[in-house]
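Subject: A structure for you to look through

Hi there,

Here is the structure I promised you.

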Amino acid sequence: MSHPKRYFLNKLPDYPGGDVTSDKSEIKGRVMDLVQTIAHKWKKNHQNCDGGLYVGLPGAVFTFLRLAKLPEFAAERSQLLQQATEYLKPSLECAQQTRSRGSKVDVAAFILGNGGVYAVAAVLSKELGNIAECSSYLSQFGQLAPMLTPVDWLSCGGDEYLVGRAGYLAGLLWLQEEIGSSVVDDSTVFAILDAMIESGQKYSAARRCPIPLMYQYYKTEYLGAAHGLAGILQMLLSFPKWLSVRPQAQELIKRSVDVLMSLQTPTGNFPCAMDELGRQRQEEDELVHWCHGAPGTVYLLGKAYKVFQEQKYLNACVKCGEVTWQKGLLKKGPGICHGVAGSGYVFLTLYRLTGDHRHLHRALQFSYFLKFPEFQQAHTPDSPYSLFEGLAGTACFIADLMNPIQASFPLFNIF
């Protein structure tokens, strides 16, 4: 039998029953090893700023900040904040250049543009006690919001997570959580959400799509978390105040979630885009990643379960977990977008949703696999130290095993 192409065969022991605990000091040691590797090897130059939070230096700022806030890293806090500051400096210099000569995307995007830089700068300033700086960066982040309110603000597709409105909203949710106050006024946030609904209805009607809200990114109707429907619907469900005054929008979102959920395959995965319906990918070619497939769609389904309290959404989440356990030891590397840590986050999410220790066991097993000699055969990502492809995201995942009841996928929190 030929080896599946995209993942290592899972020979890890499955859950034997009983309580599962993690060794916090061992986990902390692993995280600090990753921190040292990133700090020593990822050069703080302008070239490495490209790719924003996704694969650029701003992602290191996010990770070091996240670790500095954990009680287990109290002794390392000042060192982590110092490293975050060093990675922020070139990031802000590049954002300044982009602002004067960049495209709309470079300026307004959260994950891939300046929005993310201003957000991490604001939170880092707050942590360092620089309140005036913090409010200046918050204001720069807030000034991007009006750019996103025209329905067709970006012709290649302005609604998805990496460059579009969904990403900006994810940034807003993160900032509100970190800063503890509102960053953009409700009327502007509602205008962005309303534009997303109008954009999705308009596109769906024009294409006679079976899903009431549908979107395109470079003319492809993606269904996953990174570029597609799952990430967009998840963000739409993350604003309860808006949902409460937009019952028709809530109904459209729910119907869209239900049609998307009906596309879940018997193994638990999801097609990558609408053009795949009716022609199943061959098994070894199937994408089981956060960016495309069950490991990213699980967050939408989990959010739908929390908002609508219907068991069918949780059942679909558990099916996402099964296919991730079978096919989630990805050969593409350790990262959270299309790597082993991204698969591990599925189990941490299921653990928080269900309290079932089976999922915590599986998350720990995936973290151990990252140390196995077999994993050394995985590809080295293009950005090996970054938040979404590399070790910065891996460090977030491993650190989250210390307090699994508070774990959340970076910048994609449904809790």
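First, a definition to start us off: on a 1 Å grid over the protein atoms alone, a cavity is a set of points where a 1.4 Å probe fits but cannot get out, while a pocket is an open set with protein on both sides within 12 Å along at least five of seven lines; lining residues have an atom within 4 Å of a point. Grid points are joined across faces, edges and corners, and a volume is the space filled by probe spheres set on the points.

Two notes on the source. This is a predicted model, so local features need pLDDT of at least 70 and side-chain atom pairs count only at pLDDT 80 or more, whereas totals for chains, interfaces and linings use all residues. Residues are numbered from 1 along each chain as its sequence is written, and side-chain values use heavy atoms, with hydrogens and water left out.

The largest cavity holds about 30 Å³ of space. Its lining is made by Arg 6, Tyr 7, Glu 284, Glu 286, Val 288, Lys 327 and Leu 330. Sorted by class, that lining has three nonpolar, no polar and four charged residues. Here Ala, Val, Leu, Ile, Met, Phe, Trp, Tyr, Cys and Pro count as nonpolar, Asp, Glu, Lys and Arg as charged, and the others, Gly among them, as polar.

The largest pocket has about 650 Å³ of space. It is lined by 29 residues, and Arg 66, Glu 177, Glu 178, Ser 408 and Asn 413 are the closest to its centre. Helix 3, helix 8 and helix 17 (391-400) are the elements that give two or more residues to this lining. Helices (H or I, at least four residues) and strands (E, at least two) are DSSP runs, numbered from the N terminus. Helix 8 supplies the largest share of the lining of the largest pocket, five residues. By class, the lining of the largest pocket has 17 nonpolar, five polar and seven charged residues.

The second largest pocket has a volume of about 500 Å³. Of its 20 lining residues, Leu 34, Pro 334, Phe 375, Gln 376 and Leu 391 are the closest to its centre. Helix 1 (24-41) and helix 17 each give two or more residues to the lining of the second largest pocket, and helix 1 gives the most, with five residues. This lining divides into ten nonpolar, six polar and four charged residues.

Helix 3 (residues 58-68) is mostly covered, with eleven of its eleven residues buried. Buried means under 20% relative accessible area, exposed over 50%, and partly exposed in between (1.4 Å probe, protein chains only). Among the buried residues of helix 3 are Phe 62, Phe 64 and Arg 66.

Helix 9 (residues 186-207) has 22 residues and reaches 32 Å from its first C-alpha to its last, close to the 32 Å expected at 1.5 Å a residue. The expected span is 1.5 Å times one less than the number of residues. The buried residues of helix 9 include Phe 190, Leu 193, Ile 197 and Tyr 203. What covers the buried residues of helix 9 includes helix 8 (165-179) and helix 12 (247-262). After helix 9 comes Arg 208, whose phi is positive, near 50°.

**A site from UniProt**

Where does UniProt place the feature "binding site"? Its unreviewed entry puts it at Cys 291, Cys 337 and His 338. Although spread over 48 residues of sequence, they cluster in space, with a largest C-alpha distance of 6.6 Å. UniProt positions are given in the numbering used here, feature names are shortened, and annotations may be inferred rather than shown by experiment.

Cys 337 sits in the loop between helix 14 (311-327) and helix 15 (340-354), and at 1% relative accessibility Cys 337 counts as buried. Leaving aside neighbours within four places in sequence, Cys 337 is in contact (heavy atoms within 4.5 Å) with Tyr 54, His 289, Trp 290, Cys 291 and Phe 388. His 338 also counts as buried, at 15% relative accessibility.

**One last residue**

Is Tyr 218 buried or exposed? Tyr 218 counts as exposed because its relative accessibility is 56%. Tyr 218 lies in the loop between helix 9 and helix 10, and has a positive phi of about 50° although it is not a glycine.

Enjoy exploring!
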